[in-house]
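Please have the model open as you read.

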Amino acid sequence: KNVTSRKRPHTSRHKPASIKLCGPTLVRMLDMVCDRARQLLMKTQRSSSDSTYQKRQMIVDDDPFTRTLSVTDYAQFNNTLVGDCCLQACSLEQYESHRIPRVLSIQSHVVHGFVGNKCAAFILQLYGFEVDIINSVHFSNHTGYKTVKGSRLTADELEAIFQGLLINELLEYDYILTGYMGSGELLHVVAKYVRLIKSKSAHIKYICDPVIGDNNKLYVDRSCIEVYKNEILPLADIVTPNDFEIEVLIGKELDYKNDENQEEVIWQSLRSLHKMGPSHIIISSISADKTGGNQTMLQMRASTQFLDNQYQTFQIDFPHLEGSFTGTGDSFSALILAWFHKENNLIRACERSISILHQILRKTIEISKPINTHNRCGHELCLIESKAIIECGEILFHAVLNDKHLSS
Ligand SMILES: Nc1ncnc2c1ncn2[C@@H]1O[C@H](COP(=O)(O)OP(=O)(O)O)[C@@H](O)[C@H]1O
Ligand SMILES: Cc1ncc(COP(=O)(O)O)c(CN)c1O
């Protein structure tokens, strides 16, 4: 596109002019332009009797970081550079495959150990996601220790952070991930901005771990429950409650063990939660105490509601490992996000996430000691040591489809 006359000494470090283009048609155009440029160069060479053709350098630079493919054709004839023929182009397909997916993760932060954003950021960054982090709490350690010191983010502070991102036009994400939030006011601000981010693009997915409590005990202010029900669930695409949280959200206690029609009770509860908004629900673990099943196993249950109101439901049974672990729920939701993105399939995402967590816990048991005598929550996850396990994503446990595809 550009032919310049310059003396040879200037040619070598010259940065060529470039045009940035996008789309498959433009890639074809790039080929045509380069071909034509080559033809012209050859013609010039032939017509010039005293031509001393220099070794041609054609540089093709496929740069995932700048998301461009650039072809630079440097050529020199006599004292003239007939180069500067540079085009940068990429097909949409290539653009998408090189684009780094962006996640906004709003969860707790601990200085020592692994829960919340400490788990999510490591896992997601390892898989190549860009993670923007908002810390709902900034604690010394998780709440299983004798003492916890630190601060909680207020609703006003969260509002200010979102305003900053909004004014600078930075509220552009592919995924939103939320975990421990603590108060209804904070959740209310989260809902307001999730709504705004989602209104910008239909492709954004919101993965919500509705952290409320466990084993009949609330971890959060009671005000969270209504905000989850009325504001958050209608926005969420994937939710990962535990069995206590599902009971609180649908307002019904579930005692699967003593119910003759146990399967129906579980699927009914999933269906009630679907009605509140999310199209994918994953109960990360149900203990044998609740299911009445094999004491050595835990069960994951999941369900997808399709647009035609049909449901696909499945379960994964996996071994119950001795001991208690903290940060498993937060790691689970991050793994689900990552593998749902890679596989675009909830069943595969669950198989990978359950299998990876199993191996992380095995590694944790193998190499870590319980932290100290005051720690009621057992081991900190050995996430860094499990890097290879996370990257590999080997499937150990397979999903079993429920043959009933319930209609509403
Ligand atoms: N004792 C355990 N044995 C085996 N897997 C576990 C155990 N505790 C946690 N996990 C794994 O971590 C995942 C999330 O933990 P879970 O206890 O269900 O979430 P939460 O911490 O949110 O209550 C489970 O699906 C399972 O894969
Ligand atoms: C500050 C904080 N954040 C998050 C969690 C959640 O951990 P888990 O992933 O095991 O549910 C905990 C555990 N009590 C915690 O103390």
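An oxygen atom of ligand 1 sits 3.4 Å from a polar backbone atom of Gly329, a polar contact in the sense of a pair of N or O atoms within 3.5 Å; within protein, one must be able to donate a hydrogen and the other to accept it, and residues adjacent in sequence count only if both atoms are side-chain atoms. This is a predicted model, in which local features need pLDDT of at least 70, side-chain atom pairs count only at pLDDT 80 or more, and totals for chains, interfaces and linings use all residues. Residues are numbered from 1 along each chain as its sequence is written, chains are lettered from A and ligands numbered from 1 in the order in which they are written, and side-chain values use heavy atoms, with hydrogens and water left out.

**Ligand 1**
- Around ligand 1 there are 16 residues, the closest being Ser284, Ser285, Leu321, Thr328 and Leu361; a residue is near if one of its heavy atoms lies within 4 Å.
- The side chain of Ser284 places an N or O atom 2.7 Å from an oxygen atom of ligand 1.
- A nitrogen atom of ligand 1 is 2.8 Å from a backbone N or O atom of Leu321.

**Ligand 2**
- The surroundings of ligand 2 are Ser108, Val115, Phe139, His142, Thr143, Thr326, Gly327, Thr328, Gly329 and Asp330.
- Oxygen atoms of ligand 2 meet the backbone at Thr143, with an N or O atom 2.8 Å away, and at Gly327, with an N or O atom 2.7 Å away.
- For Thr328, a polar backbone atom lies 3.4 Å from an oxygen atom of ligand 2.

**Helices α3 and α10**
- Helix α3 (residues 116–126) and helix α10 (residues 328–343) cross at roughly 30°, and their axes come within 8 Å; axes are lines fitted to C-alpha atoms over the stretch in contact, with angles from 0 to 180 degrees between N-to-C directions.
- The two helices are therefore roughly parallel, a label for angles under 35 degrees.
- On the α3 side, Gly116, Cys119, Ala120, Ile123 and Leu124 make the contact, and on the α10 side Asp330, Ser331, Ala334, Leu335, Leu337 and Ala338 do so; contact means heavy atoms within 4.5 Å.

**Helices α5 and α6**
- Helix α5 (residues 184–200) packs on helix α6 (residues 223–232) at about 15°, with the axes 8 Å apart.
- That angle makes α5 roughly parallel to α6.
- Residues in this contact include Leu187 and Val190 of α5 and Val227 and Tyr228 of α6.

Note on methods
Helices (H or I, at least four residues) and strands (E, at least two) are DSSP runs, numbered from the N terminus. Angles under 35 degrees count as roughly parallel, over 145 as roughly antiparallel, 65 to 115 as roughly perpendicular and the rest as oblique.
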